[in-house]
Amino acid sequence: MGISRNATVAPKFWPKSEFFRLLLLCWIALFCVAHSASSLAGSLSKADIERRFGPPLHVQDKLTEIPAWPLVHEIEGNGAPVGYVFESIDLAPIPGFEGTPMNFLVSIDKKGNFMDVELLHQHEPVFLGGLGEAPLREFVTQYAGRNIKQQFLIALNAARNRTGPSSGQSFQTTLDGVAKATASVRIVNQSVLGAALEVARAKLGFSARKERGPVAHALPDVYDPVAFADMLKNGMVGRLRLTNAEVEKLFAGTDGAGVDDEALAKPEEVFVDLYIAYLNTPTIGRAILGDAQYKAVIDRNFDNEHLWWIATAGRYPFVDDAFVPGAQSRRLTLAQDGYFLEARDQGFEPSVSVADADLNTSLIFGVFSEAGLDPARPLDLALTITRAKGMILPTLTHKQATLSYAPPKNLFVYPPAPTPEWLLAWQARWLELAVIGAALALLSVILARPRWISVNPRRLQVFRLGFLAFTLLYLGWYAQGQLSMVQITGAIKSLKAGQGLSSYLYDPISLLLIAFTLVSFFVWGRGTFCGWLCPFGALQEFIGKLAQLLRLPQLKIPLALAKKLEWGRYLVLAVLVGAAFLLPRAGETLNEVEPFKTAITVGFDRTWPFVAYAVGLLVAGSFYYKFFCRFICPLGGAMSLGGRLRRWDWLPRRAECGKPCQRCKVVCEYDAIEPSGEIRYDACFQCLDCVGIYHDDRRCVPIMIYDKRGKTLTPRASGKSGGAPAEQAA
Ligand code: SF4
Ligand code: SF4
């Protein structure tokens, strides 16, 4: 084969003074409206949140679809939120006794554990002049560490208020209330839980909202008269009927077995006959309550709560003797998807007649609409039955009988499903993705057909320095697209914890770069990322070039010694990977061996030791070209290992390369060419200098000599299967 060459005016009929009076009144009205609106909305800024949550946590921008700030961890989660911070007033603005909602800053982690609850502002009379705020601030500290999946009860002296050993109550947690402020702390509890549940359901997928979409709304205009018996059949009314024998069976094998004499004497008689019906749908509500009672109930439902009629017949009412109107029933729990809802008596005792049933209790219970439940989906109404054995400090045994209730779906309507969070992240960054995608496409074309750009040294220099400027300025400092070891060690920790890698979807820029780099391993090897797409690598290139322009002395290390020192990056890589497996906390600190966060992510806006370290590495690079890349960078080590997947020796070589010609070896600033002329792909940054020389009949020594002698040159045989792409081999 041969060589190829190759932005005032008062109305006139108004007296001027009257106009200004009117204007003043308008301003006052506007101020009042604005003030009232703002008092119902959170007022904290991202900076306020950042002052409370420092490293290793970082606060992301407030979400648009729900008023909450995601918290990301420097190491964990691979950039996906590890928790959320939000103001309760934004999500559950429940009026207090003064009429204004209290506001709490609530944070929960991704498992639904409360991280912290902080009082921001409150106007409760009892906490203003009376008790002062201290008891309230102390009360909210109790949330930390508890989980929103639990049923929260409030009791005075909760820790001492126990009668004896109990069983089956692990689903409940009790907060110590505040004496003289019982009602206010219940509003606190509803505010905190309502807001947390809203965020958990929207962002944490706790109730699989992602799968079922938003919650249903009752259709207000659908009404078809229906008989009670038919409602029992079609599911509009839920019913749970237990005989004495069935209840005795529940307690079999426990301390509660055989202690109910009546149950033992009349086993077939009804112990409890429990009914539930969702009232917000007119068809069910009017059928159960009748039009007059239904209208009275709906007219008083100022907060648009979810309302259920709950009733019992038999010998076990669903409220006990200690039941206080307006409170929860200790015998009932309402839950959906495993999450307890605070169902409270609404102060109605409706008159409802049920054939064949003598109701002992008939009440209406409600759940705040902010609680986030879906009324069209199955709801678990659990009746706790308690038996006591013994007279002094009796042993209590609790058992639950659960009624699953879901009214017909044709009484509801579902709003459209929201866009998944990860897709929102991609949509928000479409322009950056498009720009970077175009740059990657251009780079691919250049690397696939390098001859035209490389054969002209000036053209290659302009393109390469231009692309590296893009990598540093746009990809690194603007788009925050610096890949780092954190992605590798984070992946290790996620997989080790069995959490998968779906969190990468939340960082589209990094995901795009990772995908491109992985593909490039197979085609071109390690140098595609390190030579073109690493912002810190680009910064080093510019510092190195500047040093050469300033004629700073450039150190040279013998190739044999340099090759030994290059093992340093594999050693650092091994330490970081090992720490990710064995010492995750220490690993977070060790990852600081990379100066990427200091130099690129925060643009040197960090404490002085970190800045000094990054600047020191850049200074070292000004005396020894790509010092950090060659001897320390663990990510570079990982890239070199990935580059071993390369299928082609795509950089063209001739039989004469190395023997005798050393031109490319001398020109290569990365020591990536052996004296023998072989390319060390693990060390190659794909600068394309040697490719240009290869194709240039005024720089490639063998061409120049052989042309004069009329000889023909041949490409060197490829060391990898498949041989070199056609252009390079030409
Ligand atoms: S060796 Fe490290 S710093 Fe250098 S270009 Fe590669 S990843 Fe970037
Ligand atoms: S000159 Fe060196 S670093 Fe550049 S492409 Fe050739 S071998 Fe790679």
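Reader: Which helices each supply at least two residues of the shell around ligand 1?

Author: Please note that this is a predicted model. The helices in question are H18 (527-533), H19 (535-549), H25 (627-631) and H26 (634-643).

Reader: And which residues are around ligand 1?

Author: The cysteines Cys530, Cys534, Cys629 and Cys633 are among them, together with Phe529, Phe596, Phe628 and Leu635. Arg526, Gly537, Gln540 and Gly636 also belong to the group.

Reader: How does the shell around ligand 1 divide by class?

Author: There are 8 nonpolar, 3 polar and 1 charged residues in the shell around ligand 1.

Reader: What surrounds ligand 2?

Author: Ligand 2 has Cys668, Cys684, Cys687 and Cys690 around it, along with Tyr670, Ala672, Ile673 and Ile679. Phe685, Gln686, Leu688 and Asp689 are also part of its surroundings. By class, the shell around ligand 2 has 10 nonpolar, 1 polar and 1 charged residues.

Reader: Back to H26, please. At what angle do H21 and H26 pack?

Author: Helix H21 (residues 567-582) packs with H26 at about 100°, and their axes are 7 Å apart. Angles of 65 to 115 degrees count as roughly perpendicular, so H21 and H26 are roughly perpendicular to each other.

Reader: Which residues make that contact?

Author: H21 contributes Arg569, Tyr570, Val572, Leu573 and Leu576, while H26 contributes Pro634, Gly636, Gly637, Ala638, Ser640 and Leu641. The contact of H21 with H26 comprises 7 nonpolar, 3 polar and 1 charged residues. Gly636 of H26 takes part in this contact and is also one of the residues around ligand 1.

Reader: What about H13 and H17: at what angle do their axes cross?

Author: The axes of H13 (residues 430-448) and H17 (residues 508-523) cross at roughly 15° and come within 10 Å. The two helices are therefore roughly parallel to each other, and their crossing is right-handed.

Reader: Which residues of H13 and H17 meet there?

Author: From H13, Glu432, Leu433, Ile436, Gly437, Leu440, Leu443 and Ser444 meet Pro508, Ile509, Leu512, Leu513 and Phe516 of H17. By class, this contact has 9 nonpolar, 2 polar and 1 charged residues.

Reader: Now the sheet. What is the order of its strands?

Author: The open sheet has 5 strands in the order S1-S2-S3-S4-S5, with antiparallel pairing. Strands S1 (57-59) and S5 (114-121) each have a single partner strand, so one side of each is left without a neighbour in the sheet.

Reader: How many bridges join S3 to S4?

Author: Strand S3 (residues 83-87) is joined to strand S4 (residues 103-109) by 5 bridges, and the two run antiparallel. Phe86 stands opposite Val106 in S4.

Methods. Residues numbered from 1 in each chain as written. Chains lettered and ligands numbered in written order. Predicted model: local features only at pLDDT ≥ 70, side-chain atom pairs only at ≥ 80, totals over all residues. Heavy atoms only, no water. Near = heavy atom within 4 Å. Helix = DSSP H or I, 4+ residues; strand = E, 2+ residues; numbered from the N terminus. Nonpolar A, V, L, I, M, F, W, Y, C, P; charged D, E, K, R; others polar. Axes fitted to C-alpha atoms, helices over the stretch in contact; angles between N-to-C directions. Parallel < 35°, antiparallel > 145°, perpendicular 65-115°, else oblique. Left-handed = near helix turned anticlockwise from the far one by under 90°. Contact = heavy atoms within 4.5 Å. Pairing = 2+ DSSP bridges.
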